[in-house]
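Reader: I have a structure to get through today. Can we take it piece by piece?
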Amino acid sequence: MKLKVLDLSRVLAGPICSMMLGDMGADVIKVERPGEGDETRGWGPPFDPEGQSAYFLAVNRNKKSIVANLSAAEDRAVVKGLISGADVVLDNFLPGSLPRLGLDPDELLARNSGLIWCTISGFGGESRRPGYDFVIQAECGWMAITGEPDGAPMKAGIALADVIAGKDAAIAILGVALERAAGPVTAERRRINISLAESARAALVNVAQNVLVSGNDAKRWGNAHPNLVPYELFEGADRPFVIAVGSDGQWRACADALGLHDLARDETLRTNAGRVKNRERVVSALARRVREMEAQVWIDRLHVAGVPCGLVRTVSEVLAGVEADPRTGVSPRVPGSVRLPPPKLDEHGQSIRSLGWRAFA
C-alpha cells in the first residue's frame, strides 16, 4: 500500500518525518507558504549552485512542492481537495491555527474514516510556545548532562530533538496505518500528537532511569559514561579514539590487548561495578598506555581482541565512505530509495492544482 502524505509542516521534525515516508515509497506533497516557503530554504549559507540551502536539501527529497495561501479561499479549497484524497496529513501549526483557517483536523478526521493526522509541536498540543530544538535540549535535561564536568552545559552537535521527534512521528504514523489496514480505526486513534519535549524526555532512557533508581540527579560526564568503565575518549599519540567496553569479558580482552595484563587479572576490576568504583585508576592507566603509540595501532589490536572501539572521524571523513550526494543528501537508511530531488518552491504547483494526487502517476 502506497501512502499519500500531505505535508503542511516546516523546518525539521515534520520534514524529516515526511522524507522518511517518501524514502519508503510514499507520495508526498509539501505545501509551502507564498514567498519564502519553508523557512529553511533561507537557512544558509551554504547554498548549492541553484540557490537551495543545504539545510533544506537535507530533509526534503522525495517530495513535490506546491505553494498555497491557506488564508485564501481558492487555495484552501485546493488543500482540502488534497486532504480528501490523502492517507496522512502532517502539520506543525500552533494550536487553534488550522481550525481558524477552516481546516479543523477533528472535523476532517470525522469526514474521512481512513485519514491519519499527525501534529508535531514543541511542548504539547495545548502549548503555544514555539518548539525550537535548542530550547528543547535546554529544558528537557539534555544540556545538563552534555559537556565537560567542569564546563558549561552543551547542546548536541545536531538538532537531535527534532530528528528524534520526526522519527517518532514516522513510527506512529506507520503503526496506525498498519492498524488501519486490518480494519476500522477510531478518529481518536488516527489523531496523533507528537511533541519535541516528550520525545526528548523519553530519549533520556538510562540517564532518566539512573535518577529514578538512585534518587540522585544526573550530571555531565564529558566523554565518559556514568555506568560503564572504561567507556570514553582516549588520546593516542596522533589522534583521539574511543574505547567502549560493555562486558567483563571485553574488559579483560581490552586490558590484555593494551598490554595491561596486571589490570586484566586484578580481581577488584573483574566486574563493571568494581571498575566504576575504581574509575580513576582504570582510566588513568589506559590513558598513559595509549599515548605511547598511534591510535590506529591500538584500534587494530582492539579489533582483533573483539573490543568495541573507533577513531574520532571528521564529517568529511565519514562522508567519504558512504553513498551521499550534494543535492539529495545521505542515502536513506530505511528500506527505500531516492526518487525525487528536493523540490524548488512551487515546482509542481501547476500539475498538483490540475491533477491532484495523480501528479505522481
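Author: Start with a definition: helices (H or I, at least four residues) and strands (E, at least two) are DSSP runs, numbered from the N terminus. Two strands pair if DSSP finds at least two bridges between them. This is a predicted model, in which local features need pLDDT of at least 70, side-chain atom pairs count only at pLDDT 80 or more, and totals for chains, interfaces and linings use all residues. Residues are numbered from 1 along each chain as its sequence is written, and side-chain values use heavy atoms, with hydrogens and water left out.

Reader: ok, which residue stands opposite Ile29?
Author: Lys64, in strand 3. Strand 2 (residues 27-32) pairs with strand 3 in the parallel sense, over 4 bridges.

Reader: and what order do the strands of the open sheet have?
Author: The order is 3-2-1-4-5-6, for 6 strands with parallel pairing. Strand 3 (64-67) and strand 6 (191-195) are at the edges with a single partner strand each, so one side of each lacks a neighbour in the sheet.

Reader: new topic. which residues have the most contacts inside the largest nonpolar core?
Author: Cys118, Ile120 and Ile173, in a core of 30 residues. A nonpolar core is a set of buried (under 20% relative accessible area, 1.4 Å probe, protein chains only) Ala, Val, Leu, Ile, Met, Phe, Trp, Tyr and Cys residues joined through side-chain atoms within 4.5 Å.

Reader: which helix gives the most to this core?
Author: Helix 7, with 7 residues. A second, separate core has 27 residues, including Leu258 and Cys309.

Methods
Buried means under 20% relative accessible area, exposed over 50%, partly exposed in between (1.4 Å probe, protein chains only).
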